[in-house]
Each structure stands twice: as structure tokens, then as C-alpha cells.
Amino acid sequence: MHPSSCDTFVALPPSSEGQRVIFGKNSDRPCDEVQEVVYFPERDYNSEEKVECTYIEIEQVAHTYAVVLSRPAWLWGAEMGANEHQVCIGNEAVWGRENADSEEALLGMDLVRLGLERADTAEKAVDVITELLEKHGQGGSCMEDDSGFTYHNSFLISDRKEAWLLETSGKYWAAERVEGGYRNISNQYGITTKMDKEHSGMREYARSKGWWDGQTEFNFATVYSFLTTARIESAGSRYCEGKKLLEKSNGHITAEAMMDILRDKESGINMEGMFMTTGSMVSVIPTDPALPGVHYFTATPDPERSVFKPFIFVKHAQLLKETTSPSFGADDPVKKKPRFQSKPDRRHPLFVKHELAAAIIESHKDKGQKITECTRQLEKETMRQMEEILTQGIDEPDLWVNLFSSSVEKELSTYSKS
């Protein structure tokens with residue numbers, strides 16, 4: 001399987017503007033797949049409780065943090081998201097020398113959610129994900145069908161002070177700390193000789209497989225990848241294009257700059273075709289712990305035709321009904337065995353309206369231009385409002401419990417008027 005999906009970015013001071021961390025991801029998935037944005041509040045559990053992930057059940061922890069997630073509507077995990085401690089995680093599919101396992105285990109997307117629910121820093125998220133990976137493994141179909149589409153995972157994880165790049169191959173892994181500047185990942189191994197954490201048996205396993213001679217300097221990307229390091233950097237790849245776009249705004253990377261990168265079609269980052277960008281996320285995290293983070297999600301395909309809407313973690317934050325897909329419970333074809341015998345309609349209310357608006361934009365130039373202008377203006381006005389919160393903080397948290405949902409209502413209203 002050729003790498004063909006997803007780009008994740010992070011910018012830390014001094015690459016970002018002001019004392020802020022900017023995180024962004026495009027989730028590129030099958031074009032007919034619905035991505036929902038959901039919120040789960042913090043919660044306490046009894047000592048014997050289990051958690052049912054997409055395919056397997058594992059031990060639950062005593063307490064999970066509040067999370068906001070963007071996820072394919074058929075599974076338990078997430079493509080990307082954030083938690084109340086301003087940890088952000090996005091994952092990427094990667095392929096290498098080791099075959100990806102089709103046996104059902106934890107999906108990389110399950111590990112994204114588990115990392116967010118259980119870790120209050122980026123480094124702790126690395127520890128949570130790798131411990132679960134070593135214990136339960138990764139595997140199972142990554143699409144809502146029995147095509148056997150499987151992959152290993154890389155993760156870009158950030159918090160208020162730093163970021164971590166975590167790359168996996170089966171149960172083996174390596175992690176690199178990023179303390180400043182910018183970083184992006186795009187379906188290829190990118191950790192080379194700088195490894196700040198690693199699986200204790202990772203080097204010996206590579207040596208036993210004949211991938212490393214045990215003498216030369218260990219380079220994770222070269223040893224575990226199909227590709228050489230030079231190939232990873234090759235011109236024309238989305239990784240290279242993403243790096244160029246970050247460099248272009250280096251020192252001045254803002255939420256707006258990150259949204260522009262995610263909307264860029266020429267680079268292939270805003271993907272079109274059978275695999276397309278089905279959901280996008282941009283987070284703005286002040287390094288000052290007294291200030292809230294703002295997490296923007298589209299919950300709809302193609303960020304060029306979508307509105308980034310803000311979510312802030314406050315006490316009593318409300319569930320996000322307009323971007324939550326229908327639930328089918330025990331009757332869901334994903335839960336029944338054999339799995340994937342049918343595919344239900346998982347479209348949420350915003351997805352349905354956005355689909356109609358996208359069709360108008362495509363077929364009626366004047367009407368389409370008006371819709372685009374109105375939605376982009378709505379986004380700009382909301383972002384101006386969020387800028388005040390990012391600089392001054394929150395005095396009355398209860399005013400923001402429905403922030404995301406009210407932004408969705410404004411978007412729906414714009415479509416209805418058009």
C-alpha cells in the first residue's frame with residue numbers, strides 16, 4: 001500500500017507567533033466515510049471495569065480526562081483530538097519492512113483516544129501509547145470493510161511546552177522529543193538517529209531480521225522503512241511540501257497560517273479523490289497555563305469548503321449533538337461477526353447540510369461563491385472572538401459551554417439562507 005493519506009503539523013516557539021503551540025492535522029480517509037466531532041467529559045471508573053475499543057476490550061483506568069475527538073463515525077478511537085490538559089494527538093499510517101497485522105488488536109486510532117484520555121502531558125501520552133502497544137499490539141481493518149487495509153502508526157503529540165514524534169512497527173517503537181521549531185509527518189518514518197525513548201528490544205529485533213548489522217549508527221527510518229532517509233526527503237512528496245509551507249511562515253505560524261496549509265490543494269495536503277480530507281483540526285495552545293487552549297474542528301470534508309469551529313474545555317461543556325453520528329448499539333455491523341456485512345448511514349446533521357452546500361458550490365458558481373464568502377466571514381469573526389480569550393483568559397466559563405454547537409448552528413443557518 002503506497003502512503004496516501006494524512007498530514008500532521010506542529011509549530012512551537014520560536015516558529016509560532018507569540019508564546020503559543022499550533023497543532024494541525026488533515027485526516028485523509030475514504031471519500032464516503034463520515035467523520036464526527038464528539039466530546040466526552042472526564043469520568044471515574046471502578047477498579048474492575050473494562051473499556052471496549054474498536055475490536056478488543058482492555059482494562060480501564062481509574063480516571064479518564066475530558067477529550068474532544070474527530071473520528072471516523074464507525075469506530076471507538078479517533079484520528080485526532082485534544083484533552084483538558086491541552087495535549088493534542090494526531091496519527092498517521094506508515095508502512096515498513098514489518099507486515100502490518102490484520103489480526104484484531106488496538107487500532108492506531110484507538111491509541112490516539114487512549115493517549116488523550118489517560119495522559120496529562122505529551123511525554124506521558126508517549127508512555128501510555130507504547131505500554132498499551134507492547135501489551136495488546138496493533139492490528140485489524142482500518143476501514144469500514146473487510147478489505148484488509150492495515151498499517152502501522154506514527155503519532156505527533158504536543159502539549160503546552162513541547163512535542164513528541166512517536167513511530168511504531170508492530171510492537172516496536174522509537175520516540176523523539178521536539179522542544180522548539182516545527183515538525184510535520186506524512187505517512188513515512190521520519191525518526192533517524194535522534195531517539196529520546198525506544199523499545200528495549202527494538203535494535204536487537206532489527207539485527208535478528210538482518211535489517212541492521214549491529215555496528216553502523218542506528219537510523220530508525222532507514223532500518224524499519226522501505227525507503228532510505230533521502231527518499232523520505234525527496235521533492236514532490238507531501239511531507240516535503242508540508243515542510244516548505246511551514247518554513248514559509250516560520251516565526252509567524254498562527255492558527256490562520258495552519259488552516260491555509262491544511263486547505264492547500266496544490267501540495268496534495270488537502271487531498272481529493274478516492275482518499276480525501278474528511279476532517280480537519282487546528283489547535284492553539286498558549287504556553288501560559290493560565291490561558292485556555294482553543295481547538296478548531298471542521299467535522300466535514302474538504303477544509304477549503306468547510307468552517308473551522310472552536311471548542312474550549314470548560315466545566316459543564318455540553319455534548320456536540322449536531323456533529324455526532326447516529327448510534328446503532330449492538331446492532332452496528334462493525335460489532336457483529338462477521339463484521340462489515342452492511343454499511344449504515346452515519347451522516348450527522350452538519351454533514352448532511354454541508355453535503356448539499358458542497359453540491360451547490362460545485363454546480364452553481366454565483367451561489368457557491370456567496371456560500372464560501374459567508375462561511376469564511378463567519379470563521380473570521382469567530383476567530384477574532386477567540387483571540388480575546390487566548391490573550392485574556394475566561395472570566396465566565398458557563399458562557400462557553402455551547403461554543404462549538406453554537407458555531408455549528410451559525411454554519412447551518414448560513415447554508416439554509418443560501
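Predicted model: local features only at pLDDT ≥ 70, side-chain atom pairs only at ≥ 80, totals over all residues.
**Stop 1: strand S13**

Select residues 172-178. This is strand S13. How many of its residues are buried? The count is 6 of 7, and the strand is mostly covered. Now show the side chains. In a regular strand, side chains alternate between the two faces of the sheet.

**Stop 2: the hairpin**

Pick Ser169 next. Its bridge partner in S13 is Tyr172. Look at the turn: 2 residues lie between S12 and S13, and the two strands form a hairpin. Click Gly170 in that turn. Gly170 has a positive phi of about 60 degrees.

**Stop 3: strand S15**

Keep S13 on screen and select residues 197-198, strand S15. S13 and S15 run antiparallel and are joined by 2 bridges. Find Ala174. Its bridge partner in S15 is Glu198.

**Stop 4: the cysteines**

A disulfide is a covalent bond between the sulfur atoms of two cysteines. How many disulfides does the structure hold? There are 0.

Finish with Cys240 and Cys6. The closest cysteine sulfur to that of Cys240 is in Cys6, 19 Å away, which is too far for a bond. Is Cys240 buried or exposed? Cys240 has a relative accessible area of 13%, so Cys240 counts as buried, since the cut-off is under 20%.

Methods:
Residues numbered from 1 in each chain as written. Heavy atoms only, no water. Buried < 20%, exposed > 50% of the residue type's maximum accessible area, 1.4 Å probe, protein only. Helix = DSSP H or I, 4+ residues; strand = E, 2+ residues; numbered from the N terminus. Pairing = 2+ DSSP bridges. Disulfide = S-S within 2.5 Å.
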